[in-house]
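Please look through the chain shown below, first as a sequence and then as a fold. The report after it is written for a reader who is new to protein structure.

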Amino acid sequence: MTVGGSAPAWRPPRPVVRSLAGCAFAVGLLGGAAQAQESFSLTVQSDYLLRGVSLSDGRPTLTLDVSYDDKSGAYGALSATAVDTRNAGAQFLGFVADVGYAKRLSNGVTWDVGLSDSQISTFIDNRYAANYAEAYAGLSRGGLAAHLYVSPDYLGQKVQTLYLDLAGSVQPADRWRLFAHAGLLTVVGGDSGELGRRDHLDFRAGVARQFGRFEARITGSWAVPAPIYPEGVPHGNGTLVAGASVFF
């Protein structure tokens with residue numbers, strides 16, 4: 001755990017921390033730590049998005065991220081989120097749990113593999129399940145990362161999917177960071193229905209500013225074509241999300 005008056009240094013994005021803050025401001029050493037390390041953060045944001053789809057109906061959320069990196073390269077993380085719903089007040093949105101293994105090679109490239117379980121609900125008029133499990137593998141170096149996810153039953157829709165996640169970040173000035181993400185979701189098996197008739201692209205880009213242990217962010221998110229899950233529920237596009245995190 002980091003001590004002192006400043007936030008831990010930025011690390012390459014990795015899949016074990018799924019909140020908007022964690023994906024862009026990972027606090028664990030990606031397989032290269034000399035000793036075990038625990039990380040904790042609290043994030044408040046104006047919307048909670050999954051691959052371009054709002055799961056909080058555009059309402060603010062609070063997320064607690066807890067992660068552990070062992071010196072062997074094994075890691076685990078848990079992300080729990082609550083949402084301020086329109087009609088029912090504060091509700092538990094759900095959690096994401098990850099376990100995996102990461103290894104840094106001599107050339108500076110890090111590879112990692114893992115399993116992820118998402119148990120999330122959406123609050124759009126009614127409550128919809130957005131639960132699914134995935135296996136993933138990826139490579140990262142510096143501020144760049146690429147991961148491929150495989151799901152045997154994406155969103156409980158009885159379809160098998162592949163998701164390619166590309167992420168990057170640069171620091172143009174001290175305490176400033178620019179970050180971006182692009183993802184491609186494609187159905188590879190099952191009775192896909194509407195979900196599988198088109199590939200789905202999502203994009204995210206933003207700017208962040210660090211203030212000691214705090215970070216503030218503005219992020220723009222887009223999805224092409226427009227999201228269709230849950231079916232029959234209208235979704236917006238081109239969402240702007242404001243967020244802030246504190247790291248312990």
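**The model and the whole chain**

This is a predicted model, in which local features need pLDDT of at least 70 and side-chain atom pairs count only at pLDDT 80 or more, while totals for chains, interfaces and linings use all residues. Residues are numbered from 1 along each chain as its sequence is written, and side-chain values use heavy atoms, with hydrogens and water left out.

The protein chain has 1 helix and 15 strands, where helices (H or I, at least four residues) and strands (E, at least two) are DSSP runs numbered from the N terminus. Of its 248 residues, 48% count as buried; buried means under 20% relative accessible area, exposed means over 50%, and partly exposed lies in between, with a 1.4 Å probe and protein chains only. The accessible surface of the protein chain comes to about 11300 Å², and 61% of this surface belongs to carbon and sulfur atoms; such areas come from the Shrake-Rupley method with a 1.4 Å probe, and for residues only the protein chains shown count as cover. Among contacts between residues at least 6 apart in sequence, 51% join residues that are at least 24 apart, a contact being heavy atoms within 4.5 Å.

**The largest nonpolar core**

A nonpolar core is a set of buried Ala, Val, Leu, Ile, Met, Phe, Trp, Tyr and Cys residues joined through side-chain atoms within 4.5 Å. The largest one holds 19 residues, of which Tyr48, Leu50, Leu55, Ile120, Tyr154 and Leu155 touch the most other members. The elements that give two or more residues to this core are strand 5 (74-85), strand 6 (89-104), strand 9 (132-141) and strand 11 (159-173), and the largest share, 3 residues, comes from strand 6.

Rings of Phe, Tyr and Trp (its six-membered ring) pair if their centres lie within 6.5 Å, and planes under 30 degrees apart count as stacked, over 60 as edge-to-face and the rest as tilted. By this rule the count comes to 4 aromatic pairs. Tyr136 and Tyr149 form a tilted pair, with 5.5 Å centre to centre and 50 degrees between the planes. Tyr136 lies in strand 9 and Tyr149 in strand 10 (residues 144-151), so this pair ties together parts that are 13 residues apart in sequence. Tyr149 also forms a tilted pair with Tyr163, at 6.0 Å centre to centre and 55 degrees between the planes; here strand 10 is linked with strand 11, across 14 residues.

Tyr136 is buried, and so is Tyr149. Tyr163 counts as buried because its relative accessibility is 2%.

Arg51 lies over the face of Tyr149, at 5.4 Å from the ring centre, and over the face of Tyr163, at 3.7 Å from the ring centre.

| Residue | Contact partner | Distance |
|---|---|---|
| Ser116 | Asp98 | 3.1 Å |
| Asp112 | Tyr75 | 3.1 Å |
| Arg177 | Glu215 | 2.5 Å |

Ser116 lies in strand 7 (residues 110-124), and at 4% relative accessibility Ser116 counts as buried. Asp112 is found in strand 7 and is buried at 1% relative accessibility. Arg177 lies in strand 12 (residues 176-190) and is buried, with a relative accessible area of 3%. Although Arg177 and Val207 are 30 residues apart in sequence, they are 5.7 Å apart in space, C-alpha to C-alpha.

**A buried and a partly exposed residue**

Ala82, found in strand 5, counts as partly exposed at 32% relative accessibility. Not counting residues up to four places away in sequence, Ala82 touches Pro60, Thr61, Leu62, Gln91, Phe92 and Leu93.

Technical notes. A polar contact is a pair of N or O atoms within 3.5 Å; within protein, one must be able to donate a hydrogen and the other to accept it, and residues adjacent in sequence count only if both atoms are side-chain atoms. A charge sits over a ring if NZ of Lys or CZ of Arg is within 6 Å of the ring centre and within 35 degrees of the ring normal.
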